[in-house]
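Dear colleague,

I am passing on the structure below, together with some notes on what turned up when I went through it. Please read the notes with the coordinates open beside them.

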Amino acid sequence: MSAFLKKFVDVEVQLLDLNTEINLLDDFPYDNFYDCCVDLIIKSGFEPDVVGVSSLFSPSFFNFMDCGRAARNLFPNALVIGGGNIPTNSYEHIFNDLDCTFFDGLCFGEGERPLLGLMQSSDYHSYMRKSSSWITREKVATDAALFVPAHDFIDALDEIPFFDYNLCNIEKHSTNPVTSSFHSVENQRGFHIMTSRGCPYLCTFCASHRTHGRKMRFHSIERVREDMSRLKYDFGATTVVFQDDHLMSDKDRVYEILQIVGELKLEALFQNGLTLYALDRPMLEAFYAAGVRHLVLPVESGSEKVLKEQMHKPLKFRISERVAKDCRELGIYTNTNILIGMPGETKADIEEARINLRKIHTNWFNIACASPIVGSDMHALAKKKNYIKVDTFGSDFRKASIETEDFTAEYIQDMQYLMNLELNFVHNMDVRLGEYSIALKAFKNVIRIKPDHAFAHYFAAQCYQAMDDTQSFHEHMAAYFEHAESPFWKKYVEYFSMPTNAVAQI
Ligand code: B12
Ligand code: SF4
């Protein structure tokens, strides 16, 4: 947005990225996020005329509100505006239910053009009153039924200049949680990149279309090449993290992008799952040839019925099986994303999924609890049927928040952890296929984060035994027996009939 604004108007822009700043704090010497926000804004030395607060994620809803309040209190004469997925989807809640007075306006959907119009106007408030991409307290309060906000998209994405990375302290922004969670990447300097916007699919759990729309829009291939080259040569990028919602929409274009990645010798991560039907063998070979060694597979469910009826996802389970197998054969590590607890999903569906998912030759499963993201069809349905049991403005896919005629939230929460243990440990595919060193790397990663993880110790021990490392086998079995005694692990040890007699086993 900064680069786009500067193309047309003479503005000075400063960026305060609280994600990065807070990540770098050694401790949190504040009573709450609001105090932290005030302190960091003061330390930044900003004296803005306009403060724009951005929020993309439900878990940051309350932080978004705190930032807006802090900006209003610190800069009483400034225009305070907000944008991103959260205000786009929750503006009625913000202005009506929470009676928010500190935001002068909220932007609906993408912000480049609405922000430019605003900055070019002589009277901000009257511009926001007239523009249907700007939401104000008055519009929502007086015309709630009549007021329908509208997108103002840029069709040809190349109109947006190369991003204004000079706003960032690149060293600080390189503390990137995405790259470090990928199997093949260590301590890399990664930049997010989005070569297209929009997605035509109708997945019921997704709200991306509310911000970016359903129509695909693209950067040209020339522009993708230019951006990646500048990131590499001017900013020292070693990794590009693709964030397109539907990168695979045009396969020929993907081949060209992979060619560029390969030529520039950049690591490429595809953090969003890539549409599986498009990942045929030649395409996966092209990924491999470009140096890609890790992919995320959006399998989403092991039940065809749930995929079709609950998720509206045009995906056949056999395609997921084939892609995971091909990746393994080619030497591409895979994480598989699974959601459980959709409205309409039954316990029988979940049981079916548990069995089916064991057939996926993936390296690791990420099992998440379906979260009713505001703006998604799933949220609308869950709200209508009164299925939402907790405040969803903080929902983050870890906490089960839906309760239906078929299951309780506690059941989904328990099942999420049980499926994690079952698919990643008890039936771990790498162990089953004798890929012990790959499995071990994952188990040791779990132990690093959770040193008392009894199952990680047990299965790490099994790998060491198979690799003839007797000493490490004994060390991990000893750790297993120690932790298996705790009340938390005891129930899972019993459930999976894991060994309990230390003397007999070691
Ligand atoms: C990159 C990304 C990440 C990165 C973010 C890195 C970073 N520092 O930016 C990482 C990996 C860290 C991440 C993490 C998560 N993510 Co994420 N992520 C994305 C992704 C793929 C792209 C975001 C992006 O850059 N878009 C491109 C730009 C052009 O669009 P934009 O950011 O929306 O900004 C435009 C408008 O929103 C608007 N705008 C935005 N801010 C402002 C401010 C003002 C003042 C104005 C006027 C306009 C404006 O104008 C912008 C330009 O057009 C989106 C999907 C998507 N397509 O947006 C998901 C998405 C935002 N993530 C999502 C989720 C759920 C998460 C996680 C909660 C996942 C998890 N379980 O951990 C976490 C939360 C992290 C946290 N901090 O709490 C969901 C959010 C849904 C929701 N309501 O919560 C999305 C929509 C994906 C999806 N379809 O489900 N994510
Ligand atoms: S989840 Fe992905 S594929 Fe489905 S609608 Fe959202 S962006 Fe598109």
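In which loop is aspartate 468 found? Aspartate 468 sits in the loop between α22 (454-466) and α23 (470-484). Please keep in mind that this is a predicted model, and that the values below are computed from it.

Backbone angles

Aspartate 468 has a positive phi of about 60°, although it is not a glycine, and because its relative accessibility is 68%, over the 50% cut-off, aspartate 468 counts as exposed. A positive phi also turns up at glutamate 300, again a residue other than glycine, where the value is near 65°. Glutamate 300, however, is placed in strand β10 (residues 294-300), and with 8% relative accessibility glutamate 300 counts as buried.

Salt bridges

The structure holds 24 salt bridges, and I pick out a few of them here. One of them is formed by arginine 197 and glutamate 112, whose closest N and O atoms are 3.0 Å apart. Arginine 197 belongs to strand β6 (residues 196-197) and glutamate 112 to helix α6 (residues 112-120), so this pair ties together parts that are 85 residues apart in sequence. Both partners are buried, arginine 197 as well as glutamate 112.

Aspartate 280 and lysine 251 also meet through their side chains in a salt bridge, at 2.7 Å from N to O. Since aspartate 280 lies in the loop between β9 (267-270) and α14 (281-289), while lysine 251 lies in helix α13, the pair ties together parts that are 29 residues apart in sequence. Aspartate 280 counts as partly exposed at 22% relative accessibility, and lysine 251 is likewise partly exposed, with a relative accessible area of 29%.

A further salt bridge links aspartate 452 with lysine 450, and here the closest N and O atoms are 3.1 Å apart. Aspartate 452 counts as partly exposed at 33% relative accessibility, as does lysine 450 at 30%. Beyond these pairs, Arg281, Glu285, Arg322, Asp326 and Glu329 are joined into one network by salt bridges that share partners.

A negative surface patch

Which residues form the negative surface patch? The patch is made up of Asp158, Glu159, Glu222, Glu226, Asp250, Asp252 and Glu256. The elements that contribute two or more residues to the negative patch are α12 (221-235) and α13 (251-263).

Is serine 55 buried or exposed? Serine 55 has a relative accessibility of 2%, which is under the 20% cut-off, and therefore counts as buried. Serine 55 is found in the loop between β1 (50-54) and α4 (61-74), and its side chain is joined to the side chain of serine 60 by a polar contact of 3.3 Å.

Technical notes. Residues numbered from 1 in each chain as written. Chains lettered and ligands numbered in written order. Predicted model: local features only at pLDDT ≥ 70, side-chain atom pairs only at ≥ 80, totals over all residues. Heavy atoms only, no water. Patch = residues over 30% accessible without salt bridge, like charges linked within 9 Å, V, L, I, M, F, W, Y side chains within 5 Å. Areas by Shrake-Rupley, 256 points an atom, 1.4 Å probe, with all protein chains shown as cover. Salt bridge = Lys/Arg side-chain N within 4 Å of Asp/Glu carboxyl O. Lys, Arg positive; Asp, Glu negative; His and termini not counted. Charge placed at Lys NZ, Arg CZ, Asp CG, Glu CD. Helix = DSSP H or I, 4+ residues; strand = E, 2+ residues; numbered from the N terminus. Buried < 20%, exposed > 50% of the residue type's maximum accessible area, 1.4 Å probe, protein only. Polar contact = N/O pair within 3.5 Å; in protein donor to acceptor, adjacent residues only side chain to side chain.
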